[in-house]
Amino acid sequence: ADKISVNSAAVRNPALINAAAQRFGSQCVVCAIDAKRRDGGWEVYLNGGRIPTGIDALAWAREAVSRGAGEILLTSMDCDGQKNGYDLELTSVISQNVNVPVIASGGAGCAADFVTLFERVPRVSAGLAASIFHFGEVSIPALKHALADDGINVRL
């Protein structure tokens, strides 16, 4: 494997990030964060968004990076499965406050959602989606062409 992703286990034992980064290098360690909106910020959740932690998502992203995470996979639990677009505010806040790539996840419903993500959050490195591809609502080639047509750098 080129990369590993840690989420709940890293929240429960943050030293796991340090150990993985020291052994394999930060470029191999992706810290996945499931976040839900709370009191003007976002709270980290565990077990696929079912268990609240009381941990601020921005603080956790910064800590994960300081411990050696080389990438953040950020899922908005508020938007996940809704197909109404990414949580641009959450993604912007996290990507502006860490110096590693951030992958946005949760909410993609059409190709235009990706275009909006990359236009409105220029520091984001990637957009993740699942169901729109699994159910054939958007094809990967069509998405790539839509991004290229809007001037977004993508491999065709």
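Select glutamate 43 and arginine 38, whose side chains make a polar contact of 3.4 Å, a polar contact being a pair of N or O atoms within 3.5 Å in which, within protein, one atom must be able to donate a hydrogen and the other to accept it, and residues adjacent in sequence count only if both atoms are side-chain atoms. The model on your screen is predicted, so local features need pLDDT of at least 70 and side-chain atom pairs count only at pLDDT 80 or more, while totals for chains, interfaces and linings use all residues. Residues are numbered from 1 along each chain as its sequence is written, and side-chain values use heavy atoms, with hydrogens and water left out.

Stay with this pair and look at where each partner sits. Glutamate 43 lies in strand E3, and arginine 38 is found in strand E2; helices (H or I, at least four residues) and strands (E, at least two) are DSSP runs, numbered from the N terminus. Glutamate 43 is buried, because its relative accessible area is 9%, whereas arginine 38, at 29%, is partly exposed; buried means under 20% relative accessible area, exposed over 50%, and partly exposed in between, with a 1.4 Å probe and protein chains only.

Leaving aside neighbours within four places in sequence, arginine 38 is in contact with Glu43, Gly54, Ile55 and Asp56, where contact means heavy atoms within 4.5 Å. The C-alpha atoms of arginine 38 and aspartate 56 are separated by 8.9 Å, although these residues are 18 apart along the chain.

Next, select asparagine 7, in the loop between strand E1 (4–6) and helix H1. Is asparagine 7 buried or exposed? Asparagine 7 is buried, because its relative accessible area is 17%, and, not counting residues up to four places away in sequence, asparagine 7 touches Ala32, Ile33, Asp34 and Tyr45.

Move on to the largest nonpolar core, which has 27 residues, and show Ile17, Cys31, Ile33, Trp60, Ile72 and Ile94, those with the most contacts inside it. A nonpolar core is a set of buried Ala, Val, Leu, Ile, Met, Phe, Trp, Tyr and Cys residues joined through side-chain atoms within 4.5 Å. The elements that give two or more residues to this core include helix H2 (15–24), E2 and E3, and H3 gives the most, with 6 residues. A second, separate core of 16 residues includes Tyr86, Val115, Leu143 and Ile152.

Then select helix H4 (residues 88–97), in which Leu88, Leu90, Thr91, Ser92, Ile94 and Ser95 are buried. At its N-terminal end, aspartate 87 caps H4, with a side-chain oxygen 3.3 Å from the backbone nitrogen of glutamate 89.

Finish with helix H5 (111–120) and helix H7 (140–149). Their axes come within 9 Å and cross at roughly 40°, axes being lines fitted to C-alpha atoms, for helices over the stretch in contact, with angles running from 0 to 180 degrees between N-to-C directions. H5 and H7 are therefore oblique to each other, as angles under 35 degrees count as roughly parallel, over 145 as roughly antiparallel, 65 to 115 as roughly perpendicular and the rest as oblique. To see where they meet, show Ala111, Phe114, Val115 and Phe118 in H5 together with Leu143, Ala146 and Leu147 in H7.
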